[in-house]
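The following exercises concern a single protein chain.

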Amino acid sequence: APPTFFSVCVGPFQVASSLVRKFEHFPPAILHALGQAAVGLSISDIENGISDKDLEASIPALGEVRGWNAEQSSTIVNKLLSSGYQILDGQSLAKLGSLVAGLNSSTLRSLSPEVILEAIKLPEFVQ
């Protein structure tokens, strides 16, 4: 049978969600091991199952994940920023990877043009 929207998009998400449900806490090693399956993290998992320190340590892995929904990416970014993560240069912006979508407009407006220009020149940001 040809692939359907369900088998291509919803199927993998359900697998990711059921895999993620096996854990209560998500230290960096687990977040890294989950890889793309991290899209199965619920808002509650993000808010309660990942410590601020572990979230910051896991940004490189989480930034490589594709398919975050708007609520997930903004929850991750807001939690990160409220725990003290600062976007001071292009490197710290580029490090967010796919999570950049979670930056709100006021945070984006507060970034200097130099930071944005530096980030877009970095290969990891362009992806």
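Helices (H or I, at least four residues) and strands (E, at least two) are DSSP runs, numbered from the N terminus. The model is predicted, with local features requiring pLDDT of at least 70 and side-chain atom pairs counting only at pLDDT 80 or more, while totals for chains, interfaces and linings use all residues. Residues are numbered from 1 along each chain as its sequence is written, and side-chain values use heavy atoms, with hydrogens and water left out.

**Exercise 1. Overall description**

Task: State how many helices and strands the protein has, and describe its burial, contacts and surface.

Solution. 
Step 1. The protein has ten helices and zero strands. Its pattern along the sequence is accordingly written α-α-α-α-α-α-α-α-α-α.
Step 2. Buried means under 20% relative accessible area, exposed over 50%, and partly exposed in between (1.4 Å probe, protein chains only). By this criterion, 39% of the 127 residues are buried.
Step 3. A contact requires heavy atoms within 4.5 Å. Of the contacts between residues at least 6 apart in sequence, 65% join residues at least 24 apart.
Step 4. Accessible areas come from the Shrake-Rupley method with a 1.4 Å probe, and for residues only the protein chains shown count as cover. The total for the protein is about 7300 Å², and carbon and sulfur atoms account for 60% of this surface.

**Exercise 2. Ser92**

Task: Determine whether Ser92 is buried or exposed, and describe its surroundings.

Solution. 
Step 1. Ser92 belongs to helix H7 (residues 90-94).
Step 2. Ser92 is buried because its relative accessibility is 10%.
Step 3. A polar contact is a pair of N or O atoms within 3.5 Å; within protein, one must be able to donate a hydrogen and the other to accept it, and residues adjacent in sequence count only if both atoms are side-chain atoms. The Ser92 side chain reaches the backbone nitrogen of Leu88 at 3.0 Å.
Step 4. With neighbours within four places in sequence set aside, Ser92 contacts Tyr85, Gln86 and Ile87.

**Exercise 3. Asn104 and Thr107**

Task: Locate Asn104 and state what its side chain reaches.

Solution. 
Step 1. Asn104 lies in the loop between H7 and helix H8 (105-110). With a relative accessible area of 34%, Asn104 is partly exposed.
Step 2. The side chains of Asn104 and Ser106 are joined by a polar contact of 3.0 Å. The Asn104 side chain also reaches the backbone nitrogen of Thr107 at 2.8 Å.
Step 3. Thr107 lies in helix H8 and counts as buried because its relative accessibility is 16%.
Step 4. For Thr107 and Asn78, the separation is 29 residues in sequence and 9.9 Å in space, C-alpha to C-alpha.

**Exercise 4. Glu56**

Task: Describe where Glu56 lies and which residues it is in contact with.

Solution. 
Step 1. Glu56 is part of helix H4 (residues 52-57).
Step 2. A relative accessible area of 33% makes Glu56 partly exposed.
Step 3. Leaving aside neighbours within four places in sequence, Glu56 is in contact with Leu80 and Tyr85.
Step 4. The C-alpha atoms of Glu56 and Ile76 are 9.7 Å apart, and these residues are 20 apart along the chain.
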